[in-house]
Amino acid sequence: MDDEERKKQRILEINRDQTLTQQQKSQQILQVLAGKWLRYSSDALNISQGKEGNESSSSSPSSPDSPPLIASVSNHAAAAASCSHDSESSSSSSTSSPPSHLSSFDPEIARKKYDLNPTYRPGDGKVLGCKHYFRGAKLLAVCCDMLFTCRFCHDEYWNDHKIVRYDTKNMLCMHCQTVQPIQKCCAYCEKSLGDYYCSICKFHDSTPIKSIYHCHECGLCRVGERDKYFHCKNCHACYQKQADGSTEHECHSLDGDCPIC
């Protein structure tokens with residue numbers, strides 16, 4: 001049985017453990033997903049939500065008393081089905097050593113890594129999200145196995161690498177603190193984590209009065225209503241249609257040889 005299969009088996013075991021709280025389960029799945037990093041930083045297991053000495057989260061991922069969690073397969077399937085019509089479009093590799101920026105234990109990294117607490121928009125602290133987006137989920141970055149509310153939050157935190165958002169596989173629901181495969185709705189509490197969700201860009205957003213669409217040619221999500229924009233293959237960009245719906249525009253091709261333009 002390879003590492004990925006062992007992780008999956010362990011994840012299923014935790015879902016059957018009725019002695020653990022939802023938060024303890026989420027804590028332990030993070031330990032499983034980041035197993036290799038933890039082997040290099042065993043002290044990190046003593047840190048839970050920025051607090052040291054929490055016995056419920058300090059046991060090793062291999063301990064029989066600490067199985068990891070993911071939301072149940074049945075809940076996951078049901079939630080995915082119920083949200084599929086809203087979706088824009090329908091494992092980390094193993095290494096023998098940790099990434100260079102995780103080569104030594106850093107308490108600050110560990111606290112960030114296991115921070116299951118929700119984050120909020122600037123203001124009254126009642127709206128889930130960050131200073132960049134309205135959303136109800138945190139991304140579990142594949143590159144460093146740490147939780148961040150969005151890709152900009154990740155890139156502002158690190159100065160030696162950037163997140164590859166397309167590689168994101170897991171998320172944390174900030175409503176119920178459950179770690180699970182990334183999707184539009186939480187597989188455990190079934191709450192929507194964003195009015196808009198793109199399964200390609202792994203992007204949630206609930207910004208009021210904001211339309212978003214995914215352009216397959218550009219390979220990213222853009223602000224605007226899909227039927228009011230078009231993609232120019234010569235410019236390699238999207239433009240707004242004319243009032244009459246035409247797509248006439250002055251092309252600014254990026255394929256030229258001019259070093260200036």
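These notebook entries record what I looked up in the structure above.

**Basis.** I worked from a predicted model, in which local features need pLDDT of at least 70, side-chain atom pairs count only at pLDDT 80 or more, and totals for chains, interfaces and linings use all residues. Residues are numbered from 1 along each chain as its sequence is written, and side-chain values use heavy atoms, with hydrogens and water left out.

**Aromatic rings.** I searched the whole structure for aromatic pairs and found seven. Rings of Phe, Tyr and Trp (its six-membered ring) pair if their centres lie within 6.5 Å; planes under 30 degrees apart count as stacked, over 60 as edge-to-face and the rest as tilted. I examined Y133 and F203, an edge-to-face pair with 5.0 Å from centre to centre and 75° between the planes. Y133 lies in the loop between helix 5 (107-113) and strand 3 (137-140), and F203 in strand 8 (residues 203-205), so the pair ties together parts that are 70 residues apart in sequence. Helices (H or I, at least four residues) and strands (E, at least two) are DSSP runs, numbered from the N terminus. I noted Y133 as buried, at a relative accessible area of 11%, and F203 as buried, also at 11%. Buried means under 20% relative accessible area, exposed over 50%, and partly exposed in between (1.4 Å probe, protein chains only). Ring pairs link Y133, F152, Y196 and F203 into a cluster.

**Helix 1 and helix 2.** I looked up the packing of helix 1 (residues 3-15) and helix 2 (residues 22-33), and found an angle of about 170° with the axes 11 Å apart. Axes are lines fitted to C-alpha atoms, for helices over the stretch in contact, and angles run from 0 to 180 degrees between N-to-C directions. Helix 1 is therefore roughly antiparallel to helix 2 (under 35 degrees counts as roughly parallel, over 145 as roughly antiparallel, 65 to 115 as roughly perpendicular and the rest as oblique). The contact (heavy atoms within 4.5 Å) is made by K7, R10, I11, I14 and N15 of helix 1 and K25, Q28, I29, V32 and L33 of helix 2.

**N170.** I located N170 in strand 5 (residues 170-173). N170 counts as buried at 17% relative accessibility. Leaving aside residues up to four places away in sequence, N170 touches L33, L139, L140, Q180, P181 and I182.

**Positive phi.** I checked D145, a residue other than glycine whose phi is positive, near 55°. D145 is found in the loop between strand 3 and strand 4 (147-148) and counts as buried at 17% relative accessibility.
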